[in-house]
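Q: Can we walk through this model together? I'd like to start with the aromatic rings and then move on.

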Amino acid sequence: MKVVSVLYRLTRRLFLRSMAWFSNNRLYPAVEWLWRALGLFWHCMESMFSPIVYAFVPVRWRKDHGSQVEPEINPEVKLIVSSSPKEDEESRGEGQPETTAEKRAADCNQELACSKRQRFDKNEGEFDEDGEQCAEDGEQCDEDGEQCDEDGEQCAEDGEEYRVETTDEFYCGYDSTWETEEHHESTSLRTWRPAASKHQYKFNRFENAARDMQNYRHDYPSQTRNNPISDDQPNLKFYLGQTRSVPDDVYIHEFHKEWHRQYDSLEKVHSYIQWLFPLQEPGMNYQASPLTKEEIREFLQNDTAKANLLKSYKLMLDFYGIQLWDEKTGEVKRASHWRDRFHNLNRHTHNNLRITRILKSLGTLGYPHYQAPLVHFFLEETLGFGELPNIKESVLNYFVFAVRNKRQRRSLIKFAYLKYDCKDEFVWCPKKIQMIWSRPSVSEHQQGMKGKEDASELDLNQLSLDNTDETKDEAN
């Protein structure tokens, strides 16, 4: 096993270095265009023949898909699937060498349900294990939908509106957005669900992403036991200006001053993003160290580090043609040069991985309230205005589910569903929830009835006027 692990790491490093060299080569645009053409051809063929395949082959709901680490490839292009339990055991960050999908799924859900996220004392209060902010007096935030959502919908006291059965067509066991703790525990062992027909491929892509994002939102429970305590804190020291990044050899203040609006460097260099937005998981730059629990605690208590992270966020927003409109709420808007930057973002979809990393890092290092405004911006641009069609899948698969706050995720998914053109193809939400959202609300019904009453009164008034005119005409 050790020999296989060493060979795996060497092969991975060689692959990442070759990809970094190739991305700076002149052949990259041509090969990227060819790869997209092949991907489009594959999607067309898959959409034509998948209904035939699913009509004759029973489809199981597999929980052994996906990876708990950030994908090293574009999620728009390739479906990440673990080929065997042995590969799952050897892959970085997995740690679940079970022999059956059912047992591995049950253990994963039990581990996520039982492990408690490390709490960090902050001026704004604490955050629970799903990222929802708690009151300063330590009261637990509602997870069962007992309070109103941000869009004003009143939920049942026991969260019945959001209870979803595992037999739902688009139920995903790695998405805790719609679950309560007791409901989650009672259904964790069920592994069957109806086939999602022609949308199965799209749903599998979402399921792979959901596993990664749930692992992030629950603070990497599989890494908690194996995370050693170390006095070396490279990420914190870098953000305090004490050390340089590797291999770029740049201080944090040099990034903010010298790399500002250096769009060619920000696009082609791939080793800086892991330093600017560190995570508790490895990235493409193997010379950058993952965050430790000790670093996170000290980072959250250090005003200098948090201020520098805010500058890094503004630097990358400008690179994507976005500006931070309100530092208090995190609201973002288009920048003046948004057309050119949107074109670059739509063309180079590896930036989707960077944005996912940025969202995760914001949620970990003190800016969770910045997540939802940025995701809402991308939903509006992709689904509302249609400006960024090539990142739409990443927005729905990854960006939305990086938001720690459960109510905000529900609100974002509802916004996406209402904006989505072909609602029968919407796989990012259980069918039950979609049916609830499709029903007209009570207020809309009352407004409709009031409108009908007003129209009836108008017709009666008009009829009365017509009768009066006829009477005058007869008198004349």
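A: Tyrosine 263 and phenylalanine 319 are both buried, meaning under 20% relative accessible area, with exposed over 50% and partly exposed in between (1.4 Å probe, protein chains only). This is a predicted model: local features need pLDDT of at least 70, side-chain atom pairs count only at pLDDT 80 or more, and totals for chains, interfaces and linings use all residues. Residues are numbered from 1 along each chain as its sequence is written, and side-chain values use heavy atoms, with hydrogens and water left out.

Q: How many aromatic pairs does a search of the whole structure find?
A: The search finds 25. Rings of Phe, Tyr and Trp (its six-membered ring) pair if their centres lie within 6.5 Å; planes under 30 degrees apart count as stacked, over 60 as edge-to-face and the rest as tilted.

Q: What kind of pair do tyrosine 239 and phenylalanine 299 form?
A: Edge-to-face, at 5.5 Å centre to centre and 75° between the planes. Tyrosine 239 is in helix H8 and phenylalanine 299 in helix H12, 60 residues apart. Helices (H or I, at least four residues) and strands (E, at least two) are DSSP runs, numbered from the N terminus.

Q: Buried or exposed, that tyrosine 239?
A: Tyrosine 239 is buried, at 0% relative accessible area. Phenylalanine 299 is buried too, at 1%.

Q: And how far apart are the ring centres of tyrosine 263 and phenylalanine 319?
A: They are 6.1 Å apart with planes at 40°, so the pair is tilted. Tyrosine 263 lies in helix H10 and phenylalanine 319 in helix H13, so the pair ties together parts 56 residues apart in sequence.

Q: Which residues do ring pairs link into a cluster?
A: Phe238, Tyr239, Phe255, Trp259, Tyr272, Trp275 and Phe299.

Q: Switching to H13. What should its 17 residues span?
A: They should span 24 Å at 1.5 Å a residue, and the end C-alpha atoms are 25 Å apart, which agrees. The expected span is 1.5 Å times one less than the number of residues.

Q: How many of its residues are buried?
A: In H13, 12 of the 17 residues are buried. Among them are Lys306, Asn308 and Asp318.

Q: What sits at the ends?
A: Asparagine 302 caps the N-terminal end, with a side-chain oxygen 3.0 Å from the backbone nitrogen of threonine 304. Glycine 321 follows H13, and its phi is positive, near 80°.

Q: Which residues have the most contacts inside the largest nonpolar core?
A: Leu276, Tyr313, Phe378 and Leu379, in a core of 85 residues. H13 gives the largest share, 8 residues. Such a core is a set of buried Ala, Val, Leu, Ile, Met, Phe, Trp, Tyr and Cys residues joined through side-chain atoms within 4.5 Å.

Q: Now charges. How many salt bridges are found in the whole structure?
A: There are 12, each a side-chain nitrogen of Lys or Arg within 4 Å of a carboxyl oxygen of Asp or Glu.

Q: Which ones are linked in a network?
A: The network of salt bridges links Asp212, Glu281 and Lys360. Aspartate 212 meets lysine 360 at 3.1 Å, N to O. Aspartate 212 lies in helix H6 and lysine 360 in helix H15, so the pair ties together parts 148 residues apart in sequence. Lysine 360 also meets glutamate 281, at 3.4 Å.

Q: Is lysine 360 buried or exposed?
A: Buried, at 0% relative accessibility. Aspartate 212 is buried at 1%, and glutamate 281 at 2%.

Methods: Polar contact = N/O pair within 3.5 Å; in protein donor to acceptor, adjacent residues only side chain to side chain.
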